[in-house]
Amino acid sequence: MKKIILSIFGLLSAMAIAQNKKEFSGYPKDLKINQIQVLGTHNSYAKPVDPKVIKLATGIMDKFKNSFFDNMSPDEKAKFQEYHPNGLDFSEALNYNHPDFNEQLNAGLRNLEIDVYYDPTGNRFNKPAAYEMLKKQGVTDLAPYSTEDLDKPGFKVMHIADIDFRTHYTTLKKALQALKDWSDKNPDHIPIFIQIEAKDSGMPILPNSAEVLKFDKKAFDDLDQEVLAVLGRKKIITPDDVKGKYKTLNEAVLHNNWPTVSDAKGKFVFILLPSSAGISNNESPYLAEHPGLKGRMMFIESTPGKDHSAFILYDNAIVRQNEIQKSVKEGYLVRTRSDIETYEAKVNDRTREKAAFSSGAQIVSTDFFKKGNTYGTDYYVTLPGGETARCNPSNSPENCKKK
């Protein structure tokens with residue numbers, strides 16, 4: 001009987017391992033990490049929003065839309081509309097569902113996105129305004145959410161405070177620990193690209209909404225220290241690692257001084273989106289006292305040509321196809337999206353997906369990496385080639401087999 005149980009256990013273990021996506025292999029030894037392409041998810045930590053909250057927030061947001069845009073500069077408005085080409089509709093934009101990091105990484109994703117809120121005192125996000133409002137209306141069957149460690153100081157993980165707050169990881173520390181645990185068990189993985197979006201503004205459309213704090217230099221210092229404390233320096237590819245002997249990080253990037261895929265095994269590349277929605281044109285406090293990102297743990301969203309430029313965010317691959325290809329060939333890292341606000345899944349349109357992959361953007365993000373989307377269409381996105389990465393179609397060398 002014991003042998004039968006052990007055999008069954010062994011079979012189940014083998015099946016679990018077989019479900020893991022095949023790691024990238026057969027590439028030339030000198031292939032750099034900016035010469036591959038990987039698939040990732042958007043808001044990777046998120047659990048579904050309770051439908052009653054979506055209904056509540058959508059009704060209120062419809063009244064606030066005009067004033068929301070009125071507070072933007074013309075440049076910010078244009079950028080927002082480029083990043084959100086299908087409008088801002090909660091009932092559509094939040095209509096996706098991600099499993100935890102383990103399942104995503106085992107499925108072959110090598111890019112994840114984590115939104116963080118600064119909470120140096122704790123107790124800032126314990127009682128989400130949407131739930132408090134609905135409870136006062138007599139609603140009792142709301143989807144459960146975890147409050148673990150929300151009372152403690154530290155960075156909290158959620159999409160929109162008070163509205164879209166259900167998450168697999170309540171704190172950044174928990175999210176980072178999950179990444180480290182998986183990485184330690186899979187030490188030969190290719191580098192995992194992690195976007196950290198610093199949420200510096202809220203959406204206070206409900207009574208008693210939480211006050212969202214701005215990220216100042218101290219907040220960013222604390223953010224770096226938390227990443228460093230959990231993962232350790234050896235697991236992080238930093239701007240200083242890429243800069244090397246060059247005068248600036250940007251010069252190093254333009255000379256393709258990225259580490260090789262082989263040397264980057266078991267490591268992480270952190271990319272900071274320094275403000276909510278990625279629409280701010282102001283220089284981030286993350287750069288204060290750290291010229292060219294010297295001593296920092298993360299690369300930062302930028303435009304080409306600045307001393308600290310290494311990563312460019314071009315979410316709209318249809319509009320920015322030429323810019324993406326140009327930036328990738330010059331040596332920059334680029335993130336784009338195969339679907340935005342779930343529109344492509346709803347209408348089963350692969351135009352943006354094809355544009356994203358063909359652009360050569362190293363990071364392609366989707367909300368639908370597996371079969372069975374919330375709309376019942378056939379839309380889901382996989383990386384061509386069947387592995388965790390592929391040779392970049394825009395800038396990998398000739399001896400790298402393109403799939």
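Modeller: Contact here means heavy atoms within 4.5 Å, and helices (H or I, at least four residues) and strands (E, at least two) are DSSP runs numbered from the N terminus. This is a predicted model, in which local features need pLDDT of at least 70 and side-chain atom pairs count only at pLDDT 80 or more, while totals for chains, interfaces and linings use all residues. Residues are numbered from 1 along each chain as its sequence is written, and side-chain values use heavy atoms, with hydrogens and water left out.

Colleague: Which residues of H8 does H7 meet?

Modeller: Helix H7 covers residues 172-185 and helix H8 residues 217-231. From H7, the residues that take part are Leu 172, Lys 173, Leu 176, Gln 177 and Lys 180. Their partners in H8 are Leu 223, Glu 226, Val 227, Val 230 and Leu 231.

Colleague: At what angle do the axes of helix H11 and helix H13 cross?

Modeller: Axes are lines fitted to C-alpha atoms, for helices over the stretch in contact, and angles run from 0 to 180 degrees between N-to-C directions. The axes of H11 (residues 321-330) and H13 (residues 351-359) come within 9 Å. They cross at roughly 25 degrees.

Colleague: Where does Asp 30 lie, and with which residues is Asp 30 in contact beyond its neighbours within four places in sequence?

Modeller: Asp 30 sits in the loop that runs between helix H1 (2-18) and strand S1 (36-41). Once neighbours within four places in sequence are left aside, the contacts of Asp 30 are Gln 35, Thr 260 and Asn 399.

Colleague: How many Å apart in space are Asp 30 and Gly 202?

Modeller: In sequence, Asp 30 and Gly 202 are 172 residues apart. In space, C-alpha to C-alpha, the two are apart by 44 Å.
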